[in-house]
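Thanks for passing this one along. Here are my notes, as numbered points, to read beside the model.

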Amino acid sequence: MWGIWLEETLLADVPHRQVVLAVPKRLRPCFLYDRKLLGELSRVAARTVTAFVRATIGERDLSVGIVSSIQTHGSLANWHPHLHLLVTDGGFRPYCTFVLIPLHDVVTLTEAFRRTVLKLFVKRDRKSTRLNSSHTDIS
């Protein structure tokens with residue numbers, strides 16, 4: 001039912017593609033113990049895919065359609081947080097003209113996503129370090 005609703009109500013009549021983005025293996029336990037990170041992961045993915053499409057097409061003002069679904073298990077029911085994205089196969093110019101993406105460089109997109117996720121953790125670590133150092137208890 002949800003797929004029918006998406007097709008009939010939400011999705012533009014343009015080509016779409018499925019993109020699957022996985023969390024680097026060493027970071028997966030972090031998502032198990034801090035589930036709020038899953039929402040941030042989805043936002044990071046949307047920003048990364050949008051930047052990738054814009055850079056590939058060479059137009060900064062494109063709007064990219066993205067539907068994101070978080071999945072936290074693998075085929076063996078193991079902990080494996082990853083995202084399934086339904087993405088327009090290009091982007092919309094400000095006046096609604098759709099531009100197809102000329103190529104699909106999965107390696108570049110995957111690497112960009114991994115780097116952005118790592119930056120998220122570096123940023124969180126810096127914030128955590130600042131908070132901890134500002135609340136040092138001196139007896």
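In which loop does cysteine 96 lie? Cysteine 96 is in the loop between strand E4 (90-92) and strand E5 (98-100).

1. **Ground rules.** This is a predicted model, where local features need pLDDT of at least 70, side-chain atom pairs count only at pLDDT 80 or more, and totals for chains, interfaces and linings use all residues. Residues are numbered from 1 along each chain as its sequence is written, and side-chain values use heavy atoms, with hydrogens and water left out.

2. **Layout.** The chain has four helices and five strands (DSSP runs numbered from the N terminus: helices are H or I with at least four residues, strands E with at least two). From the N terminus on, the order is α-β-α-α-β-β-β-β-α. Of the chain's 139 residues, 30% count as buried (under 20% relative accessible area; exposed is over 50% and partly exposed in between, with a 1.4 Å probe and protein chains only).

3. Most residues other than glycine have a negative phi. Cysteine 96 has phi near 75°, a positive value, and counts as exposed at 63% relative accessibility. Alanine 77 also has a positive phi, near 60°; its place is the loop between strand E2 (66-73) and E3, and alanine 77 is exposed at 66% relative accessibility.

4. **Aromatic pairs.** The count comes to two (ring centres of Phe, Tyr and Trp, the last by its six-membered ring, within 6.5 Å; planes under 30 degrees apart are stacked, over 60 edge-to-face, the rest tilted). Phenylalanine 31 and phenylalanine 121 have ring centres 5.7 Å apart and planes at 65°, so this pair is edge-to-face. The pair links distant parts of the chain, with phenylalanine 31 in helix H2 (residues 28-33) and phenylalanine 121 in helix H4 (residues 106-134), 90 residues apart. Both phenylalanine 31 and phenylalanine 121 are buried.

5. **Largest pocket.** The largest pocket holds about 210 Å³ of space (on a 1 Å grid over the protein atoms alone, a pocket is an open set of points with protein on both sides within 12 Å along at least five of seven lines, where lining residues have an atom within 4 Å of a point; the volume is the space filled by probe spheres set on points joined across faces, edges and corners). Among its 17 lining residues, Arg17, Val19, Phe52, His104 and Leu109 are the closest to its centre. Strand E1 (16-22), helix H3 (36-57), strand E3 (79-88) and H4 each give two or more residues to the lining, and E1 gives the most, with five.

Terms used. 1 Å grid on protein atoms, 1.4 Å probe; cavity = no way out; pocket = protein on both sides within 12 Å on 5 of 7 lines; lining within 4 Å.
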